[in-house]
Amino acid sequence: MNVQIKQLTKIYGSQKAVNDISFSAGLGVLGFLGPNGAGKSTTMKMLTCFLPPTSGSADICGFSLDKQSLQVRANIGYLPENNPLYTGMYVKEALAFVASIHKIEQPEQRIADVIALTGLGEEQHKKVGQLSKGYRQRVGLAQAILHDPPVLILDEPTSGLDPNQLIGIRQLIRDLGKTKTVIISTHIMQEVEAICDRVIIINKGKIVADDTLTGLLAAHGSNSLEKIFVKLTNSAA
Ligand SMILES: Nc1ncnc2c1ncn2[C@@H]1O[C@H](COP(=O)(O)OP(=O)(O)OP(=O)(O)O)[C@@H](O)[C@H]1O
């Protein structure tokens, strides 16, 4: 399993934002769902070494979060929720900078491939700050996959994309899930149905469901993920 999380907890002041969660993830696309404030981004920040856990542990590709954070970062591609980018750089320049951080040798071909994969071709001559929101999102995704990491953590990766762009980027995420562990957070249930093999629902910092999509629908005798989400995230204390 590329991702193994044991009893991970994050407390901010007196609030348990993430409360003793454990799960493992192998190849495929895992949808990490939950209402606003459930603890999704906090979990993702801990897994990517941006935030230290209060307690608990996690291994990424066999590397420990607290003792081997450099190796953890090398094995993870992360698209954070607010997608911070170097707005003053040209698209290729920004990708070359990220490639240099990852010490990618002869990065030109990889940058060209990733530009094609994320559909940035037509906009690649612009500065990142001149791009529309959807294209900035693509740059964030391109940066996350550039070093071809085995694990991708994508926090609301399709936010801001128009319906045409959605189809392409969802297909890309699905394809990436064939050879990588992809964990995505999203509020779009249709998206989960389109791309996720497995679903974890978190509510008030606790996991309230962890199943395949078909397993979850069958267990609740429902054909609507949205209804299951509403039920599970309103009934739990
Ligand atoms: N830096 C912080 N300091 C204090 N509390 C925080 C901090 N970051 C997050 N929180 C709190 O932790 C809880 C979980 O927040 P988090 O951002 O992880 O939720 P989320 O599931 O990603 O929500 P959303 O869907 O709205 O993005 C929230 O109640 C939030 O207010």
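Hi everyone, and thanks for coming. First, the ground rules. Residues are numbered from 1 along each chain, following the sequence as written. The model is predicted, so to speak: local features need a pLDDT of at least 70, side-chain atom pairs count only at pLDDT 80 or more, and totals for chains, interfaces and linings use all residues.

Let's start with the six-stranded sheet. When I say helix or strand, I mean DSSP runs numbered from the N terminus: H or I over at least four residues for helices, E over at least two for strands. Two strands pair if DSSP finds at least two bridges between them. With that in hand, the sheet is open, its order is β6-β7-β8-β3-β9-β10, and the pairing is mixed. At the edges stand β6 (76-79) and β10 (206-212); each has a single partner strand, so one side of each lacks a neighbour in the sheet. From one strand to the next, the twist averages 15°. Angles here run from 0 to 180 degrees between N-to-C directions, and the axes are lines fitted to C-alpha atoms, for helices over the stretch in contact.

Now look at β8, residues 181-185. Which strands pair with β8 in the parallel sense over five bridges? One is β3 (residues 28-33), which runs parallel to β8 and is joined to it by five bridges. The other is β7, again parallel and again over five bridges. You can pick out the partners on screen: L30 is bridged to I183, G31 stands opposite I184, and I153 stands opposite I183.

Is β8 buried or exposed? I call a residue buried if 20 or more other C-beta atoms lie within 10 Å of its own, exposed if 12 or fewer, and partly exposed in between, with C-beta atoms placed from the backbone. Five of the five residues of β8 are buried, so the strand is largely enclosed by the rest of the structure. In a regular strand, side chains alternate between the two faces of the sheet. Both faces of β8 are covered, with T181, I183 and S185 buried on one side and V182 and I184 on the other.

Four strands make it up, in the order β2-β1-β4-β5; it is open and the pairing is antiparallel. Its edge strands are β2 (15-25) and β5 (63-64), each with a single partner, so one side of each has no neighbour in the sheet. Strand β4 (residues 55-60) runs antiparallel to β5, and two bridges join them. There, I60 stands opposite F63.

In α3, the buried residues are V91, A94, L95, V98 and A99. These cover an arc of only 140° around the axis, which puts them on the same side of α3; the arc is that of the directions from the helix axis to the C-beta atoms. The face of α3 turned away from that side carries the exposed residues F97 and S100. Cover for the buried residues of α3 includes α4 and α5; two residues are in contact if their C-beta atoms, placed from the backbone, lie within 7 Å.

Helix α4 has I111, V114 and I115 buried. Their arc around the axis is only 105°, which puts them on the same side of α4. Turned away from that buried side are the exposed residues Q109 and A116. The buried residues of α4 pack against α3 and α5 (133-145).

Finally, the ligand. What surrounds the ligand? The shell is Y12, A17, G34, N36, G37, A38, G39, K40, S41, T42 and E81, where near means that the C-beta atom, placed from the backbone, lies within 6 Å. Its largest share, three residues, comes from helix α1 (residues 40-47). By type, the shell divides into three nonpolar, six polar and two charged residues. Here Ala, Val, Leu, Ile, Met, Phe, Trp, Tyr, Cys and Pro count as nonpolar, Asp, Glu, Lys and Arg as charged, and the others, Gly among them, as polar.

Thanks, everyone!
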